Amino acid sequence: MLLQIPALFSSDEVRDIRAALESAPWEDGRATAGHRATSVKANLQIPLDHPVARQLGERILTRLSQTPLFIAAALPLRILPPRFNRYEGGGTYGNHVDNAIFPIPGTPLRVRTDVSTTIFFSDPEEYDGGELIVEDTYGEKGVKLPAGDAIVYPGSSLHRVAPVTRGTRNASFFWTQSLVRSDQQRRMLFDLDCAIQQLTGDHPEHGTIDSFTNVYHNLLRQWSET
Ligand code: NI
């Protein structure tokens with residue numbers, strides 16, 4: 001499932017975040033690429049332990065924790081600290097799959113990369129190219145969203161970033177280990193959750209809401225790992 005989260009950050013917040021990104025040092029993204037990815041990756045990243053990356057990362061995690069749509073779609077157990085990347089001057093990241101497991105720096109914990117998220121911090125008209133292209137069972141999908149919007153997609157998908165041929169594309173990306181490992185099960189829970197929300201909005205007194213909610217939580221109990 002590919003899910004857009006509109007306006008995770010407002011345009012004022014994006015301006016503020018962009019200013020912080022401008023103040024950070026940017027290094028060759030191949031520093032953090034896996035063995036096979038090194039040959040297809042041409043972008044810039046903020047060093048993972050740089051204060052700007054940490055502060056903006058905290059800000060993103062706080063916002064995610066207040067965003068019901070993200071929580072419903074990703075059912076997060078653990079989130080890897082967000083990373084920041086920049087593509088310009090033909091920069092690209094060819095087709096690749098992300099590592100399945102990442103250690104959380106400074107902790108004994110690891111994150112299984114069930115769910116990938118990209119937050120766009122440049123508006124589409126600021127650059128040419130730069131679509132995030134995700135291959136899923138329905139074929140390829142190209143994604144290029146307004147600054148402040150996020151896209152959530154399965155960590156299991158092959159994906160790439162098309163070359164940026166004009167301007168600069170700033171983004172953050174990170175991985176989430178979900179309580180529910182299976183994309184299909186997560187999708188069904190999300191659909192059920194949305195249906196319950198809609199029913200609750202349209203018919204708040206309807207007696208079936210409790211029954212559906214009970215089914216939702218029983219499925220989550222069946223399928224979740226903590
Ligand atoms: Ni990737």
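Predicted model: local features only at pLDDT ≥ 70, side-chain atom pairs only at ≥ 80, totals over all residues.

Student: Are Asp98 and His159 buried or exposed?
Tutor: Both are buried.

Student: On to strands. How many bridges join β12 to β13?
Tutor: Five, and the two strands run antiparallel. A hairpin of two residues connects them. Val134 has Lys141 in β13 as its bridge partner.

Student: And what about β12 with β15?
Tutor: That pairing is antiparallel too, over three bridges. There, Leu132 is partnered with Val161 in β15.

Student: How many salt bridges does the whole structure have?
Tutor: The search finds 13. One of them joins Glu140 and Arg160, with the closest N and O atoms 3.2 Å apart. Glu140 lies in β13 and Arg160 in β15, so this pair ties together parts 20 residues apart in sequence.

Student: Why does Arg160 count as partly exposed?
Tutor: Because its relative accessibility is 22%, and buried means under 20%.

Student: Now helix α4. What should its 20 residues span?
Tutor: At 1.5 Å a residue, residues 183-202 should span 28 Å. The end C-alpha atoms are 28 Å apart, which agrees.

Student: What happens at the start of α4?
Tutor: A side-chain oxygen of Ser182 comes to within 3.2 Å of the backbone nitrogen of Gln184. Asp183 also forms a salt bridge with Arg186, at 2.4 Å between the closest N and O atoms. Those two are three residues apart in α4, so about one helical turn separates them.

Student: Is Arg186 buried or exposed?
Tutor: Arg186 is buried, at 5% relative accessibility. Asp183 is partly exposed, at 23%.

Student: What covers the buried residues of α4?
Tutor: The cover includes β1, α3, β10, β16 and α5. Among the buried residues are Leu189, Phe190 and Ile196.

Student: Last one. What does Glu225 pair with?
Tutor: Arg181, with the closest N and O atoms 3.6 Å apart. Glu225 is in the segment after α5 and Arg181 in the loop between β16 and α4, 44 residues apart. Shared partners join Arg112, Asp114, Arg181 and Glu225 into one salt-bridge network.

Key. Residues numbered from 1 in each chain as written. Heavy atoms only, no water. Helix = DSSP H or I, 4+ residues; strand = E, 2+ residues; numbered from the N terminus. Expected span 1.5 Å × (residues − 1). Buried < 20%, exposed > 50% of the residue type's maximum accessible area, 1.4 Å probe, protein only. Contact = heavy atoms within 4.5 Å. Polar contact = N/O pair within 3.5 Å; in protein donor to acceptor, adjacent residues only side chain to side chain. Pairing = 2+ DSSP bridges. Salt bridge = Lys/Arg side-chain N within 4 Å of Asp/Glu carboxyl O.
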